[in-house]
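The sequence and structure come next.

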Amino acid sequence: MTDFAAESPAGRGRARGRAIPDAVIGQLADSAGLVGQPEALASRLAEDGYLFLRGALPTKLVDRARHGVFHRLAAVDEVIDPEGETRMSGRSRRLELAPDRGAFWQSVSEQPAMRAVTHGPELTALMSEMFALPARPFDFIFLRPGVAGRYTNIHCDKPFFTRETQRVLTCWIALGPVPLERGPLFVVEGSHRWPDVKAAVEGYDVGRDRDRQNAIADHPADFAAARGSRLLTTDFRPGDLVVFDMFLLHGAFDNHADDGAVRLSCDVRFQPLEDAVDPRYFGPQPTGTTGAGYGELNGAKPLTEDWHQR
Ligand SMILES: O=C(O)CCC(=O)C(=O)O
């Protein structure tokens, strides 16, 4: 694996305002060369807990989706230059023009150009390779525009998505450029094998067990250092994918781009077509994890609201 620090000036990755030291940051291993070899993909996924596929989706497809989303955000005055170097405007008319937050966010998330990415034949074919079975995407997706200061705390996905089947994979998609300054996804190297992580989420269902806490509040750099692990990431380009299992710990760095650039990604889960589905995440009006539908997502909040994903 390339040493990320050797390629990248120190301090480009930050979490909660603090630069991530070189010793705990590393480059995701690119498995794009394994596409078309289902057995090799499955064994790399089992080994590493993730697959990073550089350039897995056609740039044109992803560009259309990004432009579609940013046009909707421009229409509520939150971003400027939706087809160029999209930046936050610092203003919002979202709640005045579209008072139903959930309905607005569902219409942005499920617009045809987005569905062409998340539910199109390219991604479904890839994910079917991972399962070595016909696969289907969850209808409910997590579209994430990230403006300055936003980040995601470390957590794993099992407590959200495995009520009906354990055979679920998350697919995180860079819908635009997400270099280190814009708060990319990171995964905690080797964490899918840690017995205490597995034990902590055993039997835990975020939708039912409201008194439990999934996110790890520790600073990601301290957490990785204490475990002798690293935070693996990259300078993502549009169309790059990371697929990961339900136990792998992950989060996202701060968007600290000094030009106000908005980071755009989405994450969508896949499962085998033959497995039972969790009705919360499927159908024309999915209720989502808590029952609030698309309104429960951070993306449903105006970009000017101060929040981060705990
Ligand atoms: O993109 C992010 O900020 C977090 C992504 C995430 O938590 C996921 O894909 O499960």
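## Overall make-up

Helices, of at least four residues, and strands, of at least two, are DSSP runs numbered from the N terminus. On that basis the chain has 10 helices and 15 strands. The model is predicted.

The radius of gyration of the chain is 18 Å; a compact globule of 310 residues would have one near 19 Å, so the two agree. Along the principal axes, the C-alpha atoms fill a box of roughly 50 × 45 × 40 Å. Buried residues are 45% of the 310. Among contacts with a separation of 6 or more, 80% join residues 24 or more positions apart.

Strand E13 covers residues 241-244. Leu 241 and Val 243 point one way, while Val 242 and Phe 244 point the other, and all of them are buried. In a regular strand the side chains alternate between the two faces of the sheet.

E13 pairs with strand E4 (residues 50-53) in the antiparallel sense over four bridges. Within this pairing, Tyr 50 has Phe 244 as its bridge partner. E13 is also joined to E10 by four bridges, again antiparallel. There, Val 242 is the bridge partner of Trp 172.

## The nonpolar core

The largest nonpolar core has 83 residues. Those that touch the most other members are Cys 171, Ile 173, Leu 241, Val 242 and Val 243. In soluble globular proteins, nonpolar side chains tend to be buried together.

Leaving aside residues up to four places away in sequence, Cys 171 touches Leu 123, Met 127, Leu 241, Val 243, Asp 267, Val 268 and Phe 270.

## Strand E8

Strand E8 (residues 142-146) is mostly covered, with five of its five residues buried. Phe 142, Arg 144 and Gly 146 lie on one side, and Leu 143 and Pro 145 on the other.

E8 runs antiparallel to E15, and five bridges join the two. Arg 144 of E8 stands opposite Ser 265 in E15.

Conventions
Residues are numbered from 1 along each chain as its sequence is written. This is a predicted model: local features need pLDDT of at least 70, side-chain atom pairs count only at pLDDT 80 or more; totals for chains, interfaces and linings use all residues. The radius of gyration is taken over C-alpha atoms; the globule rule is 2.2 Å times the number of residues to the power 0.38. A residue is buried if 20 or more other C-beta atoms lie within 10 Å of its own, exposed if 12 or fewer, and partly exposed in between; C-beta atoms are placed from the backbone. Two residues are in contact if their C-beta atoms, placed from the backbone, lie within 7 Å. Two strands pair if DSSP finds at least two bridges between them. A nonpolar core is a set of buried Ala, Val, Leu, Ile, Met, Phe, Trp, Tyr and Cys residues joined through C-beta atoms within 7 Å.
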